[in-house]
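Me: I would like to learn how to read a structure feature by feature, taking the general idea before the particular case. Could we work through this one together?

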Amino acid sequence: ADLRHIRNFAIIAHIDHGKSTLADRLIQLCGGLSDREMKDQVLDSMDIERERGITIKAQAVRLSYQAKDGVTYELNLMDTPGHVDFAYEVSRSLAACEGSLLVVDASQGVEAQTLANVYQAIEAAHEIVPVLNKVDLPAADVPRVKEQIEDVIGIDASEAVEISAKTGLGVPNVLEALVQRLPAPEGNIDGPLQAMLVDSWYDSYLGVIILIRVKHGRIKRGMKIRMMQTGAVHQVDKVGVFTPKMVETGELHAGQMGFLMAGIKTVADTQVGDTITDDAKPALQPLPGFKPSIPVVWCGLFPIDSSEYEHLRDSLAKLRLNDSSFDFAPENSAALGFGFRCGFLGLLHMEIIQERLDREFDLDLITTAPSVVYRMHMTNGDVKELHNPADFPDPVKIATIEEPWVKATIMVPDDYLGNILALCTERRGEQVELTYVGNRAMVVYRLPLNEIVFDFYDRLKSISKGYASFDYEVEGYTEGDLVKVSILVNAEPVDALAFMAHRSQAEYRGRQICERLKDLIPKHLFKIPIQAAIGGKVIARETIAAMRKDVTAKCYGGDISRKRKLLDKQKEGKKRMRQFGKVEIPQTAFIQALRMG
Ligand code: GDP
Ligand code: MG
């Protein structure tokens, strides 16, 4: 084992700049897979990822590369997710490597996530090799993008590798650059085992699989390992690497990364960032850990058919095995019955989980409006976290309320700058900075997280014709004039429809929901008032007029089978109704009333 012949690297890029295409090329060049085995994008393995063109799970692939100096190097490639919601997963992937390939689309230039990712790489003390991709495109402007990299990021781009990941042009030079320019890992192969737990996921055939980076010592099949944080002890069944096929090696040593399996039943035992050591000869200290990821957006998930509750619970537990950054706890709603309050890293993360519950587990769900976590300072000095507007305490006991704010960086061509500034202002944004990178404006804003979780990203894309790029990081909590808006149907509050808002926006949003509900709730034999209220004060009101006619009246004298069908349908619909006092609300009304934007 010679550490000098190992290189561990990550590929970082703005979305669509060609990270996955390059990774596939590297795998192909190093012979990890035959052409036949080469699917078009090997690393984006999940269907949803493939469809959305994003990479969620970081994965490590070992490549074997014979360099021009005649030596065969072991290159460990760490794929990183490319979306803002998963910035945390980027940081832990970077912690397992010594260097990064910074891929920039030469026809687009530096974008918001290029910056966010590269700053994380610099923070992780990485050696960075700039790679200009898509040079086959007529719009590629290599000198301009090199200048951008130097001016904006401040790293030397004179030796940037120019490639087309699509045609393969220049890609071998990337491999040479890795070997020559990135440092080899350092570590003591004969010391006590210290391995970083980079990621873990659940495979229905193999059980829990753990991705590790060994910093010191060796990990072998049969060894008893201890998780230093949780204290759990397990015997190692399998150790190996992805090529990207799973190949058992029986051992991994300092400087290497790969997988291990140890008959682990639950990912609660496998905390990301934990240090794995030898139970017989433990290390004295864990490796410096990284902070756990914290869900920032919460919403309720309820089965439409209440008999699916257990199935939902099991499915959530299965998904959580694969994704420790998502959280859930039972929730009980008068409107929606038994369900779960679930926490996500961001809106995309939330959509992905919902989509998987639908597709992989065949669950029909009602989702309540997403909410951020508010911090309530109570008059008695207590501080409470509010994950669910339904738990809003008695207002007289609240001294102040704080909400999370983010620092957002937006890059956009000058033509659309006006639209972007208007959007940020409308969302209570405070401008921090406005500078130019060539003909693109770079604006930095402070914004309340609550204002961007609903539809900010979609709006941003549509008002900039897709040209704006966006990235944000949570900055901290700030006090605000925040209120809970309740929705009352026939004077009964409906907890699932309650939401938190800034006072300046409470009326507008309250009115919006009332208007929607007016169309969504069927007429009854009596008038139904629909109201939005802050405490006891009504801020918006609509009324559903009383119904007079019998539903079957239209069919009178008509085809009897049609009449029966209508009655059957009505019965069917009943099952999907929820009773509120005297009013029945169809469950579809919740879904549609809560759909924002
Ligand atoms: P990622 O989001 O960074 O992983 O980007 P992908 O690798 O998925 O690439 C995004 C799109 O750019 C895909 O449609 C690729 O086919 C295309 N692409 C990637 N590299 C090149 C290249 O060198 N030239 C051209 N013309 N297109 C490329
Ligand atoms: Mg990708």
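Me: How far is the sulfur of Cys97 from the closest cysteine sulfur, and in which residue does that sulfur lie?

Reply: A disulfide is counted where a pair of cysteine sulfur atoms lies within 2.5 Å. The closest cysteine sulfur to that of Cys97 belongs to Cys30 and is 16 Å away, which is too far for a bond, and a search of the whole structure finds zero disulfides. Bear in mind that this is a predicted model, in which local features need pLDDT of at least 70 and side-chain atom pairs count only at pLDDT 80 or more, while totals for chains, interfaces and linings use all residues. Residues are numbered from 1 along each chain as its sequence is written, chains are lettered from A and ligands numbered from 1 in the order in which they are written, and side-chain values use heavy atoms, with hydrogens and water left out.

Me: Is Cys97 buried or exposed?

Reply: Buried means under 20% relative accessible area and exposed over 50%, with partly exposed in between, using a 1.4 Å probe and protein chains only. Cys97 has 5% relative accessibility and therefore counts as buried; Cys424, at 0%, is also buried.

Me: How should I read salt bridges, and how many does the structure hold?

Reply: Side chains of opposite charge can pair when their charged atoms come close. The criterion is a side-chain nitrogen of Lys or Arg within 4 Å of a carboxyl oxygen of Asp or Glu, and the structure holds 26 such salt bridges. One of them joins Arg92 to Asp199, with the closest N and O atoms 2.9 Å apart. This pair links distant parts of the chain, since Arg92 is in helix α3 (residues 87-94) and Asp199 in strand β7 (residues 194-203), 107 residues apart. Helices (H or I, at least four residues) and strands (E, at least two) are DSSP runs, numbered from the N terminus.

Me: What is the accessibility of Arg92, and what is that of Asp199?

Reply: Arg92 counts as buried at 3% relative accessibility, and Asp199 is buried with a relative accessible area of 2%.

Me: Turning to sheets, what is the strand order in the open sheet of six strands?

Reply: Strands of a sheet pair through backbone hydrogen bonds, either parallel or antiparallel. Two strands count as paired if DSSP finds at least two bridges between them. The order here is β2-β3-β1-β4-β5-β6, with mixed pairing, and the edge strands β2 and β6 (161-162) each pair on one side only.

Me: Which strands pair with β3, and in which sense?

Reply: Strand β1 (residues 6-13) pairs with β3 in the parallel sense over six bridges, with Ile11 opposite Asp79. Strand β2 (residues 60-66) pairs with β3 in the antiparallel sense over seven bridges, with Gln66 opposite Thr72. β2 and β3 also form a hairpin with five residues between them, and Gly70 in its turn has a positive phi of about 90 degrees. Seven of the eight residues of β3 (residues 72-79) are buried, so this strand is largely enclosed by the rest of the structure.

Me: What order do the strands take in the open sheet of eight strands?

Reply: That sheet has the order β11-β10-β16-β7-β8-β15-β12-β13, with antiparallel pairing, and its edge strands are β11 (233-235) and β13 (246-248). Within it, four bridges join the antiparallel strands β8 (residues 207-216) and β15 (residues 257-261), and Leu211 stands opposite Phe259 in β15.
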